[in-house]
Amino acid sequence: MMLVRADKDTEAGVLPAAELFEAMGKYNEELVKAGVLLAADGLQPSSKGARVSFDGGRPTVTDGPFAEAKELIAGYWMLQVKSREEAVEWACRVPFGEGGVVELRQVFEPGDFPAEIITPETAASEARMREELLRRSGQQ
């Protein structure tokens with residue numbers, strides 16, 4: 001997963017310039033043509049969001065905006081690549097200018113967990129859920 005950090009502009013709801021929007025569209029097309037893009041979205045400012053925290057086992061809802069924009073996420077790409085190096089190569093091609101930051105994080109897969117956590121029953125349940133998601137999205 002490639003994460004784009006928020007900044008004062010994204011948190012203020014400032015949309016990207018037309019040139020960046022066009023460049024980003026071309027970049028996304030490259031990802032699609034390469035067969036590595038699973039999902040990509042920009043996120044609305046935190047002022048339109050909420051945060052749910054669990055203190056003492058009870059949920060507490062806090063409406064945005066949230067402080068420290070540099071700790072927030074403004075968007076993401078979900079890629080399926082063969083290696084960390086390939087992910088880094090794609091991240092280096094993001095058409096950001098000065099000050100842009102893309103953080104790479106690997107998503108956990110069932111094989112990353114020990115057998116006592118991912119039991120055969122848990123694995124089967126996970127597989128059923130993934131199949132249902134694919135079916136609902138019309139990809140199966």
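## Salt bridges, sheet and core

R136 and E132 sit four residues apart, about one turn of the helix, and both belong to helix 4 (residues 120–137). Helices here are DSSP runs of H or I with at least four residues, strands are E runs of at least two, and both are numbered from the N terminus. What you have is a predicted model, where local features need pLDDT of at least 70 and side-chain atom pairs count only at pLDDT 80 or more, while totals for chains, interfaces and linings use all residues. Residues are numbered from 1 along each chain as its sequence is written, and side-chain values use heavy atoms, with hydrogens and water left out.

R136 is exposed at a relative accessible area of 64%, whereas E132 is partly exposed at 26%. The cut-offs are under 20% for buried and over 50% for exposed, with partly exposed in between (1.4 Å probe, protein chains only). Elsewhere, salt bridges with shared partners link R5, E103 and R105 into one network. The total is eight salt bridges, and here are some of them:

| Pair | Closest N to O | Relative accessible area |
|---|---|---|
| R93 and E30 | 2.2 Å | R93 44%, E30 32% |

The R93 and E30 salt bridge is worth a look in the viewer. R93 is in the loop between helix 3 (84–92) and strand 6 (102–104) and E30 is in helix 2 (residues 18–34), so this pair ties together parts that are 63 residues apart in sequence.

Pairing takes at least two DSSP bridges between two strands. Strand 2 and strand 5 are joined by five bridges, with G42 opposite G75 of strand 5. Strand 1 (residues 2–5) meets strand 5 (residues 73–79) through four bridges, and L3 faces Y76 there. Three bridges then connect strand 1 with strand 6, where V4 has V102 as its bridge partner.

What packs against this sheet? Contact means heavy atoms within 4.5 Å; axes are lines fitted to C-alpha atoms (for helices, over the stretch in contact), with angles from 0 to 180 degrees between N-to-C directions.

The largest nonpolar core has eleven residues, including M2, V4, Y27, W77, W90 and A91. Such a core is a set of buried Ala, Val, Leu, Ile, Met, Phe, Trp, Tyr and Cys residues joined through side-chain atoms within 4.5 Å. Strand 1, helix 2, strand 5 and helix 3 each put in at least two residues, and helix 2 gives the most, with three. Leaving aside residues up to four places away in sequence, A91 touches M2, Y27, V102 and L104.

Methods. A salt bridge is a side-chain nitrogen of Lys or Arg within 4 Å of a carboxyl oxygen of Asp or Glu.
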